[in-house]
Amino acid sequence: MEKPELASSNQRSKRKSPPSPNPAPWLVIPYGKGEKFQAFYNISEPNDTSCRKFIPELKGKSSWQKNSHQGWSIILCDDDEFDYTPWKYGDCFLWNPLSMETINLPSFLYWYTLDGYSFNDCVLSSPLKTDDDAGNGNSMVFMLFGGEKVGKDILVYCNSGDKEWRTYMIGGVYELLSMCYFKGKLYIMCNGDDHLEIDIEHGSQPRILCVNKFAVSFDFRHAAIGAICGSQHITYYVESWDGIFKIDQVFISRGVYEYCVTNMVISKLDFDSMAWVEVKSLDDHVFFLNRTTRLSCSAKELGFTRGYVYFTQPDEMSFYKYDLEDKSIMLSLPCPDLPNPWFSPNWLMIPTTLRVGGRRRVTKDMLCNKDDGSHVLRAVENRIDLKYGDKKLDYQDARHWVLQNDHMVQLISDYLTPLDYIHFRAVCRNYRSIIPLVNRGRSCSTKCLDATSLSPWMVFSKDNEAVYSFINPMHNNENYLVSIPELLQGSTIRYSKGSWLLMSKGLTGVLFYNPFTKYTIKLPDLPDVDTGYLFQGICFSSLPTSSDCTVFAISSNTMDTVYVSCIKRGDEMWTYSIVASVYSPPNRINVKFEPALNSPIFYNGNFYCLDMNGTLGVFTLENGTEWEVLSMIPRPNLDLIYTSYLVEFEGQLLSVLLGHYGKWVRLLKLDLDEMVWIEVEHLGRHMLFISSTSCIATIAPTSEMENKIYFPRLQNEGILYYSLDSGLGYHREEA
């Protein structure tokens with residue numbers, strides 16, 4: 001679409017108006033000199049449509065929105081380099097993007113430019129009424145300015161339409177971050193455990209009645225997994241219709257990208273116990289985050305089956321979607337052809353209701369959930385329900401299986417893989433009486449059919465980690481749900497191999513678990529209770545039932561050292577070593593080995609690790625233990641590597657390298673004779689399964705699965721993969 005220009009009066013009026021209301025906020029990307037124009041994109045719009053506008057109220061200004069605003073925005077003229085005509089630097093006003101109504105506020109320039117102070121946040125207590133209603137009720141605007149000196153923070157406030165601000169000095173040792181207005185009270189959230197609750201007297205002469213401090217503790221240590229030494233986090237506080245949420249974004253810096261998010265920890269404030277309670281599922285909540293906007297919407301109204309976190313990053317046109325249940329992050333580039341210069345995007349909620357005569361009129365129908373009629377196969381311990389849509393399938397055609405004698409049933413079960421074993425038991429009650437649920441000596445039948453006819457399964461926790469979901473790439477819509485023992489609930493999968501899961505629980509617990517045999521092997525606890533489990537990569541050499549099984553783990557330590565640890569079967573405690581991470585590549589300055597959030601692999605009797613930049617390290621077990629950075633192997637000559645994985649492929653080491661959030665994919669095979677990486681363009685009959693907890697290369701059971709890289713991501717109930725045949729990007733595996 002061409003650059004907006006002012007033509008006829010009708011066209012000009014349309015271009016100066018925002019797009020239509022929508023249940024989801026619009027992503028607004030400013031572009032053009034002085035941020036004159038705006039590109040609008042909405043995640044709930046069909047066909048990924050976008051539009052471009054010229055809205056004077058947004059030109060060069062910052063827009064602040066929260067749930068209490070109910071669609072109204074606080075607009076700030078906060079950059080002295082922009083021409084804000086007819087406004088000027090330091091002006092601010094309330095703006096309704098649906099009705100286009102504006103209400104001027106007093107200038108905030110004095111406090112904004114006050115030496116020793118910084119602008120932290122602003123909030124509107126409630127939406128404004130229309131001219132049909134008397135006055136503006138309890139609508140108040142608050143601005144928070146943090147002072148460099150202790151006890152010198154300033155809260156300024158006024159009614160909408162007032163000519164002057166009122167001020168309140170906040171004493172005490174606090175690092176004020178942001179504000180939430182929830183159920184008639186103002187909450188100032190601080191860095192640390194102490195926060196402030198403020199009671200306000202509304203009316204023509206509003207005033208602060210009292211400020212109460214309340215303490216809410218929360219243990220954040222486990223959130224740093226993936227970047228111990230260099231990790232940082234940003235905290236967002238979001239008010240929703242049912243409470244206040246705390247969202248901690250854990251990130252690391254990678255080259256030009258300063259905010260590469262690796263994890264999120266989301267918790268909800270329990271007002272009864274005054275504690276942050278971590279949530280494992282967002283249920284009906286969808287959050288939209290930005291430096292100036294924190295919104296919460298209903299997943300049902302957006303047509304989603306569950307909640308997500310959408311966020312933007314400074315100096316990036318893209319937006320990201322974080323899935324709390326599988327810890328995945330998806331990147332979207334909504335307007336790739338937008339002309340330069342463009343600027344950091346923001347979210348803008350255009351309300352779907354408008355107050356008319358004291359009542360709300362719906363301006364656009366809400367979206368609702370749609371039943372996709374997907375085929376779900378549910379196998380939970382001793383029962384199975386097979387559904388297709390709302391109809392139960394007829395089992396009469398399968399009844400002849402029941403007529404098989406007991407010996408034949410037992411013989412068939414001996415040739416089944418673990419999941420097929422569970423599936424076979426679920427056929428009928430007679431089979432369950434013949435075949436035991438748990439056979440502790442059997443992790444996988446030695447009479448099992450040829451493994452080339454199988455493929456790895458994707459596994460992730462469901463329902464507060466009490467149930468595991470298994471998805472077969474060969475039949476995407478088949479979803480096996482397997483309950484886990486209460487003892488393991490709350491555990492996290494760290495690595496998988498040969499039907500065994502290596503898991504951590506709490507700060508110190510580490511254990512093996514086989515979800516098919518229900519067999520558990522507990523390892524000695526990690527000794528460092530202050531930091532707990534903070535490994536970036538962990539794996540084991542052989543099945544935990546083997547006498548030579550060794551577990552190896554690695555993590556960052558300091559700027560020039562890494563932390564390696566191992567434990568062998570029969571050992572009573574873990575062994576730790578702090579080893580050098582700085583190495584000297586040929587003809588180059590010293591470079592640091594930076595452990596990545598991926599799994600090492602056991603190859604030719606040693607543990608190999610691939611760092612963030614594609615550098616190999618090896619931990620040897622012969623004649624004691626030894627760590628070495630393979631400096632003789634040059635790093636891959638590629639652009640910035642965002643994610644790296646290591647996998648054994650046809651007896652050789654293969655690295656899978658991804659650009660920023662998967663913008664490009666490269667495969668490199670290590671030539672051990674020449675000690676160089678060689679690019680691989682085709683996998684032949686093989687396929688790869690890549691994740692931070694396990695990487696597998698295997699022969700594809702079907703031709704449709706050949707030459708593909710599968711990722712642990714679900715998109716519309718299908719597993720995401722990258723095809724090396726097309727090289728055109730990512731696809732969803734069809735059923």
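**Exercise 1. In the hairpin of β40 and β41, which residue takes a positive phi?**

Let's take this step by step. This is a predicted model, in which local features need pLDDT of at least 70, side-chain atom pairs count only at pLDDT 80 or more, and totals for chains, interfaces and linings use all residues. Residues are numbered from 1 along each chain as its sequence is written, and side-chain values use heavy atoms, with hydrogens and water left out.

Step 1: find the strands, which are DSSP runs of E with at least two residues, numbered from the N terminus (helices are runs of H or I with at least four). β40 covers residues 561-568 and β41 covers residues 575-580.

Step 2: check the pairing, which requires that DSSP finds at least two bridges between two strands. β40 and β41 pair in the antiparallel sense over six bridges, and Val562 has Val579 in β41 as its bridge partner.

Step 3: look between the strands. Six residues lie there, and Gly570 takes a positive phi near 100 degrees.

**Exercise 2. Describe the largest nonpolar core.**

Step 1: settle the term. A nonpolar core is a set of buried Ala, Val, Leu, Ile, Met, Phe, Trp, Tyr and Cys residues joined through side-chain atoms within 4.5 Å. Buried means under 20% relative accessible area, exposed over 50%, and partly exposed in between, with a 1.4 Å probe and protein chains only.

Step 2: name its members. The largest core has 32 residues, and Leu502, Val551 and Trp627 have the most contacts inside it. Elements giving two or more residues to this core include β38, β39 and β40.

Step 3: follow Trp627. Leaving aside neighbours within four places in sequence, Trp627 is in contact (heavy atoms within 4.5 Å) with residues including Ile554, Val562 and Val579.

Step 4: look elsewhere. Another core, of 24 residues, lies apart from the largest one, and Ile29 and Phe288 are among its residues.
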